[in-house]
Amino acid sequence: MKLILFFLFCSTIITSCETSEKGNDYLNTVVDEISLLKKENPEKVKEVYEREYRKYNQSNKKVFLLSSKYAELALSSDERLKQIPMIYELLRLNNNRYEFIDVIGNYNLALQFETSSPEWSLKCVDNAIDYSEKSNKKYFLPHLYHFKGRLLYNKNDTKNALIYFNKALHSYNPQKDILYVSSMYNNIGMCYDKMKNPNSAIRETYKAINLLEKNRIPNNAELVFINYMKGGLADYFMQIKNYEKAETLLAEKLNFSLHNDNYRMALYAGKGLIDLYKNTLHQPEKTANIISALNLLEPNLKKAADRIELYELTQEYYSGKNDIENFKKVSKKLVEANKDRNNQISKELKINFDIADNYIIKNVNTENNYYKRNNYLLLFSFILLCLIFLIIIINLIKSRKKREELAKKEKVISDTQHKILEQDIELQKEKIRNLHLNLNLKTETERAFLENLKKIKKSKNIDTEEVLKDLQFKINNLIMIDRKSNDLVNESSLENKLFMERLSEEFPLLTNQELKLCVYFKLNLAAKEISLLEKFTVGSIRVYKAKVKAKLGLDKETDLSEFLNRF
C-alpha cells in the first residue's frame, strides 16, 4: 500500500514537471514567433492570436489561453495604458504555473513602470530575475541583469549598477549578441563617468564602438547605436577639455540623426552642441542653424518630455536674441506641453494604482482560494491517512487473531500427535513384550520337547500313541508361537521398511541382511531371541552385530539399540 501511494505521488510530480516544461517551451516558441513578426510583418500577429485562441477553444488547455493573451498584448504594444492591465491579467491567469510567463510578465511590467514608478519597476525586475534564475532555461536573464543595472544607474546606485552590467556582459553570447555586448561596454563606461573617471569611460565606450565596427559592416541598428554612443563620448572628452573632439562627435551624431530621421537623437545631439557653443566655446552664433534644424523636428516628437526639451532650448535661444514674438509662442507651447505631461503622469499614476489595487485584491482572493483548497486537501489527506491507519490496525488485529487461532490449532494438533505418538510407543512396547513372551514360551516348549525326546529314548515301556500325541501338541504350540511372532513382526513391516530405507540412505554400505537384522537390534532383542526368529546361530548374530556397529562408526561401548532408534 505504501509503495503504491509513493509510486503514484512520484508519477504525479514527474508528469506535472514534464507538462510544465513542455508548456514553457511552447510559450517561448510562440513569443519568438510574435517577436519576429512584429519586426517583419506586424499584421500577421493577429493571425497568431486567432490561431492560439482557436486552439484554446478546441482543447480548453490553459497554455493556449496564455499564448493567445500574449499575442493580444503584442497587438496593443503601442498603447501603454492598455498594456499594464493586460500583463497583470496574464500573470493572474498563469498563477505561477509556467515560469516563462512569470518571467516575461514581470519583465514587461518593469519596462512599463520604468519612468512612472522606478521603485515598482525594480521590484518587478527582481521578481523576473528570481523566476528566471530558478528556471532551467534562464529565460531573458542577461536582459534582466541589463535592465536592473539601468534602473540602478538611474537611481544613482552606480556601484550596484556596475555589478549588474558586468553580470549581463558575461551572460550574453559574445558571438550572437554583439550589439548587447557592445551596449554593456557602453553602460560600464557610463558608470565610470558617474564615478568621475572619464578616461575609463572613454576606454569602455571605444571598446563598444570597435566591437561593432571591427572587421565588419554595421547594420542600421548598429549605426544608430554607434552614433548614440558618440554623444556620450563627447561628454567624456569635454570633461578632459578636449572640446574639438567633443564638437566633432556631436556634429557627427546630429548629421547622422537628421539624415536617418532619428528625431529624438537629433534633438539631444543639437542640445549638446548648443551647450558646447554657448557655455564652453562661447560661439553662440553657431547655434542659429542648429535651432532652425531642431524646429523642423517638432511635428515628429511624439513624447511630451521631448517637446518640452525642444521648447526650453528654443525659448532660451529666443530670449537671448530678444525675439519676443517667437519667445511668447514657444512659451505658450511649453506651458501646454507641461500640462499634457502632468495630466499624462496623473492619469498613468491613477491607472497604475487602480491596476495595482485590483491585482493585489485578485491576488489576495486567489491566495485565499489557494489556502482554502490546500486546507481541503490537507483535511482530505488527514482523513485518508486516518483510514489507512485504521485499516492497518484492523489488519494487524485480524492477523494477530489468526496467528493465535493457528497457534491454538497447532497446539491441539501437537498435543494430539504427542498422544498418538505416546500410544504408538506403548503399543510398540506391548508388541515387544509379547514378542519376548512368545520367544520365551517357544524356548520353554522346545526345551520340554527335547526332554520328552530324551525320556522316550531312555525309557522302554512307553505308550507310543500317548507320546506322539504329546509331541504333536508341543509342535502345534511351537507353530502357533511362530505365527504370533511373525504377526507381530509383520504389523510393523511398513514402519520397518521405512526405517531400513532411511538407514540405507545414511549408511549405504549396509547389506540387506544387515539392514533386516538392524530392525531386531533396534528392538533391543538378544542374540538368542533373534536366532530363534531368523534361524541364525547366536554366534552369527553377534558377528553381524559387530559388523553393523563398525559400518555405523560406533565403538563397542555405544548402545546400538539407542542409536538405531534415532532413525
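Before you click, a word on accessibility: buried means under 20% relative accessible area, exposed means over 50%, and partly exposed is anything in between (1.4 Å probe, protein chains only). By that scale Lys 55 is partly exposed, with a relative accessible area of 28%.

Some ground rules. You are looking at a predicted model, where local features need pLDDT of at least 70 and side-chain atom pairs count only at pLDDT 80 or more, while totals for chains, interfaces and linings use all residues. Residues are numbered from 1 along each chain as its sequence is written, and side-chain values use heavy atoms, with hydrogens and water left out.

Start by colouring on pLDDT, the predictor's confidence in each residue, from 0 to 100. The protein chain averages 81, and 79% of its residues reach 70 or more. Now select residues 1–18: pLDDT is below 50 there, and beyond near neighbours in sequence the stretch has one contact (heavy atoms within 4.5 Å) in the model.

Next, select 376–397. An unreviewed UniProt entry places a "transmembrane region" here; UniProt positions are given in the numbering used here, feature names are shortened, and annotations may be inferred rather than shown by experiment. In the model the span is 100% helix and 0% strand, with its end C-alpha atoms 31 Å apart. Helices (H or I, at least four residues) and strands (E, at least two) are DSSP runs, numbered from the N terminus.

On to the salt bridges: a side-chain nitrogen of Lys or Arg within 4 Å of a carboxyl oxygen of Asp or Glu. The structure holds 24 of them.

Is Glu 52 buried or exposed? At 0% relative accessibility, Glu 52 is buried.

Now pick Lys 148 and Asp 126, a salt bridge with closest N and O atoms 2.7 Å apart. Lys 148 belongs to helix H7 (residues 141–154) and Asp 126 to helix H6 (residues 118–134), so the pair ties together parts 22 residues apart in sequence. Lys 148 is buried at 11%, whereas Asp 126 is partly exposed at 31%.

Last stop, still in helix H6: Asp 130 and Lys 134, four residues or about one turn apart. Their salt bridge has closest N and O atoms 3.3 Å apart. Asp 130 is partly exposed at 36%, and Lys 134 is exposed at 61%.
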